[in-house]
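Hello,

Here is the structure I promised to pass on to you. Have a look at it first, and then read my notes below.

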Amino acid sequence: MALISTRNLTKRYGNAITALDGLTVDIEPGIVGLVGSNGAGKSTLLKILLGLVEPTSGDATVLDLDVRTRGTDIRQFVGYMPEHDCLPPDASATDIVSHLALISGLPRTAARERTAEVLRHVGLYEERYRAIGGYSTGMKQRVKLAQALVHDPRLLLLDEPTNGLDPAGRDEMLELVRRTGTEFGMAVIVASHLLGEIERVCTHLVAIEGGRLLRSAPLGDFIEQTGTLAVEVDEGSTALADRLTADGLSVVVDGRAVLVAISDGRPYDLVRDAVAELGLPLVRIEQRRHRLEDLFRDMPGEAPLPIEAPTAPSPQSGPP
Amino acid sequence: MTDAGTTAGSSVTAGPTGSIYDIGYRRYEGPRLGRGHAIQSLFWHSLRSTFGIGRGGRAKIAPVILVGLALLPAIAIVGALTMAAQFGVGSRFATNAPIRYDTYFSTISTIVVLFCAAQAPELFGRDQRHGVLALYFARALRRSDYALARVAGFVAALLIIELAPQVLLFFGRVLLSPDILGAIGDDLPSIGPVLAQAILSAALLGGLSMAVAAFTPRRAYATAGIIALFTIPNIVAGTVLGLGSSLIGTWLLLLSPTSVLDGTNSILFGTALGSDFFFIDLPNIAYIAAALAGIVGSIAITVRRFARIAT
């Protein structure tokens, strides 16, 4: 049996909103990325798996337990990190995490020990005795991760763990997620709308859109040979795009960056010449390995995901 | 523990706080006590939080003052009894003192109501305001467990507030009496009514306060709502009575929790309601039924609220 298994899982809120639409997927242990744009149904899926939201129709099992009837048993072995703020500002990290450890069923002594253990694991030391109200966003995200880990769950559900973090904070959080999954052998599901982040830590990807499964496959299967070259200029991105298009390249403008499809070595020279001839202030040229985006670009009528937005929510880049 | 200490110390010099150190992770192999343990833990947490224990100094101000006020009449009477005993009139004073087991509830009912208004929003409002519900509901706990454990913790806190002064009063009366065994014998029959009244009033006032607090994350709204619930029915019934429609007004008083509890108090202690109570015509069963209906109804409303609340 799979770690998680859903069959025709559907969730409607009222008659108007369909969050999940006949989702059928099996998820095996590992670090699994659950990707989809905002409103794709990621959070709803996680809440159904926790037994917090009743599906409208269809079935789902977690650790071979039915989410409709065995919710409390499932939650005993699952850790959940919500997307939004969920920490009382007047409590310290130690207070809230050890309290939640008790609620997770740990005896008092074990709760205290595990609290010290997980707070150390997420990198909170002397500040853990201070009130959470004074914490940075990064520290709060670590406390949220710690409370999800404190009862040593078999499965960890993380909803947008890098939400609101700066680039360095995102890197550290992703590294924590990766270590939690690989070194401790814990099954992790990371929901995110940022493909660029998720592919750095995941072994398997489940892509959903509009509540339906787009694709579920090991990360390697998603990666295609063609990549994207991002040319970032301070100004004149439109002029550059026009010029490159005239040169016969496939080009997308994404804010100050011009994304060029790489099929062979040809674009590098063309980009160099174009930037030089137009006299544009070039910031950087980098190869973006966001082949995953193609997955969404191929979907007719669907807007592609933002490739790597610094903060959510980000403006979506236009379709090609 | 020394490991953690030295690592924490070195982190100051090693770089910015919050850096990640690889010192391993141990699995937890111990017992998982499940739902019952979770409910119990939440109950104790609620009881402690109601008094501000385990929280900052500011959270303790209101409960400490109100508990002090609730104890004040008992302290005053015990003090007066001590004085009276010095002058050899202790037993006469003990019999005629205005504050006795049967009058204590009405003496401090306003303080208990204020305590409800101040502290009930601390429990439910805080969890809703900061989104903590999502963390509770993601654990081995049902939504109804959460609601019931919180309500039970708050009711237990009210029980302490109501019973502590009575216990003080009991010890004062007994120990200051020349005939201690006799005094115990005299006061023992009051234990039943004292307990019954405390349980009824704590459950009714606590249940209603928590039902109001469950509906808003905003502290001020909850406090105002609780005070309104405990005062407005009284005012309405009094107004109706003042207009001369005494039958309707009398029955309307059953909507006022504090009046209902005055009624149960007089039934339990077998005392006649004085002329300042204008609802003496109601049958005894009406007060008890109204109190029980209020308790069951308010708890049902609270459970229903948390069964539906979005997280």
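Helices (H or I, at least four residues) and strands (E, at least two) are meant here as DSSP runs, numbered from the N terminus. Please keep in mind that this is a predicted model: local features need pLDDT of at least 70, side-chain atom pairs count only at pLDDT 80 or more, and totals for chains, interfaces and linings use all residues. Residues are numbered from 1 along each chain as its sequence is written, while chains are lettered from A and ligands numbered from 1 in the order in which they are written.

Let me begin with chain B. Read from the N terminus, its elements run α-α-α-α-α-α-α-α-α-α-α-α-α, which amounts to 13 helices and 0 strands. Chain B has 311 residues, and 39% of them count as buried. A residue is buried if 20 or more other C-beta atoms lie within 10 Å of its own, exposed if 12 or fewer, and partly exposed in between, with C-beta atoms placed from the backbone. Two residues are in contact if their C-beta atoms, placed in that way, lie within 7 Å. Of the contacts in chain B between residues at least 6 apart in sequence, 77% join residues at least 24 apart.

One helix to look at is α7 of chain B, residues 143-175. Its 33 residues reach 47 Å from the first C-alpha to the last, close to the 48 Å expected at 1.5 Å a residue (the expected span is 1.5 Å times one less than the number of residues). At Leu163(B) this helix bends by about 25°, and Pro165(B) follows within four residues. The bend is the angle between axes fitted to the seven residues ending at a residue and the seven starting there.

Further along, Leu255(B) sits in the loop between α11 (246-252) and α12 (257-269) of chain B. Leu255(B) is partly exposed, because 16 other C-beta atoms lie within 10 Å. Its C-alpha is separated by 9.2 Å from that of Leu229(B), 26 residues apart along the chain.

Where do the chains meet? In total, 40 residues of chain B are in contact with 44 residues of chain A. On the side of chain B that touches chain A, α1 (2-14), α2 (34-50) and α6 (133-137) each supply at least two residues. The largest share, 7 residues, comes from α2(B).

Now to chain A. Its domain assignment (bounds come from an automatic or database assignment) gives domain 1 (4-222) and domain 2 (227-288). The centres of these two domains, taken over C-alpha atoms, are 38 Å apart.

Chain A also holds an open sheet of 4 strands in the order β2-β1-β4-β5, with antiparallel pairing. β2 (17-27) and β5 (65-66) stand at the edges with a single partner strand each, so one side of each is left without a neighbour in the sheet. Strands count as paired if DSSP finds at least two bridges between them; β4 (57-62) and β5 of chain A pair over 2 bridges. Val62(A) has Leu65(A), in β5(A), as its bridge partner.

Finally, which residues other than glycine have a positive phi? Asp152(A) is one of them, at about 50°, and Glu160(A) is another, with phi near 50°. Asp152(A) lies in the loop between α5 (137-149) and β7 (155-159) of chain A and is buried, with 23 other C-beta atoms within 10 Å. Glu160(A) is in the loop between β7 and α6 (167-182) of chain A, and counts as buried because it has 21 C-beta neighbours inside 10 Å.

Best wishes
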